[in-house]
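Hello,

Please find the structure below, handed over for your files. My notes on it follow.

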Amino acid sequence: MEVAGRAWWLLDSCDAAQIEYRAAAMRLTEVREKGSSGLTVRVRDGVYETVSYEEALLDAQRALSRVSVAGRKEKKTPGYTALACGVMSAAEIVEPDAKYSHLSAVSHGAGFSVGGLGARAPHQADGFTHFTISLPIANAQQYLRIMTRVFNVVMEKFISLA
């Protein structure tokens, strides 16, 4: 849902310059949020490089500066919740903030008083680690409908732009 929200925010731009600006602004925001908590990876000419936080920050600032358009002001990059709720609204999901809150809690394994919504049990199968989420079938059906509608609206936008 969060990835779809990011894609929607980029694709729902008024022109290519705004898409470029939003992508650069999102990159800068992510570098700042990560902070200097460790080494950062960047891709340059198809090769992964490990760089310092300061270098990643400078790269992101330069990229944003290159795509800025004089006289055009852009709002701050929305957070994950706003992005997810934005794409859910575009998909005409009723009460997107409540549904996103519930989806987020389940996906992060938080427990609910409703019972069993966030139960995660790591397993080993065929050499791959995976987890399961136990939840009532009504919730699973609702989540699948939401995800299908969100995926559909993002793909329709992408196809119309292509």
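**A patch on the surface**

V41, V43 and Y48 make up a nonpolar patch on the surface, and together they have about 350 Å² of accessible area. Please keep in mind that this is a predicted model. Of these residues, Y48 belongs to strand β2, which covers residues 47-51. Y48 has a relative accessible area of 65%, and exposed means over 50%, so Y48 counts as exposed.

**The chain as a whole**

The protein contains six helices and six strands. Read from the N terminus, their order is α-α-β-β-α-α-α-β-β-β-β-α. The protein has 162 residues, and 32% of them count as buried.

Among contacts in the protein with a separation of 6 or more, 55% are between residues 24 or more positions apart.

**Cysteines**

How many disulfides are there? The count comes to zero; the rule asks for a pair of cysteine sulfur atoms within 2.5 Å.

Is C14 buried or exposed? The relative accessibility of C14 is 59%, and because exposed means over 50%, C14 counts as exposed. C85 is a buried residue: its relative accessibility is 12%, and the cut-off for buried is under 20%.

**The loop between α4 and α5**

Helix α4 spans 80-90 and helix α5 spans 96-107, and E92 is found in the loop between them. E95 is found in the loop between α4 and α5 too.

E95 is not a glycine either, and its phi is positive, at about 50°.

The side of the question that concerns the surface can be handled as before. E92 has a relative accessibility of 62%, so E92 counts as exposed. E95 has a relative accessible area of 53% and is therefore exposed as well. Both values can be held against the cut-off of over 50%.

Regards

Terms used
Residues numbered from 1 in each chain as written. Predicted model: local features only at pLDDT ≥ 70, side-chain atom pairs only at ≥ 80, totals over all residues. Heavy atoms only, no water. Helix = DSSP H or I, 4+ residues; strand = E, 2+ residues; numbered from the N terminus. Buried < 20%, exposed > 50% of the residue type's maximum accessible area, 1.4 Å probe, protein only. Contact = heavy atoms within 4.5 Å. Patch = residues over 30% accessible without salt bridge, like charges linked within 9 Å, V, L, I, M, F, W, Y side chains within 5 Å. Areas by Shrake-Rupley, 256 points an atom, 1.4 Å probe, with all protein chains shown as cover. Salt bridge = Lys/Arg side-chain N within 4 Å of Asp/Glu carboxyl O.
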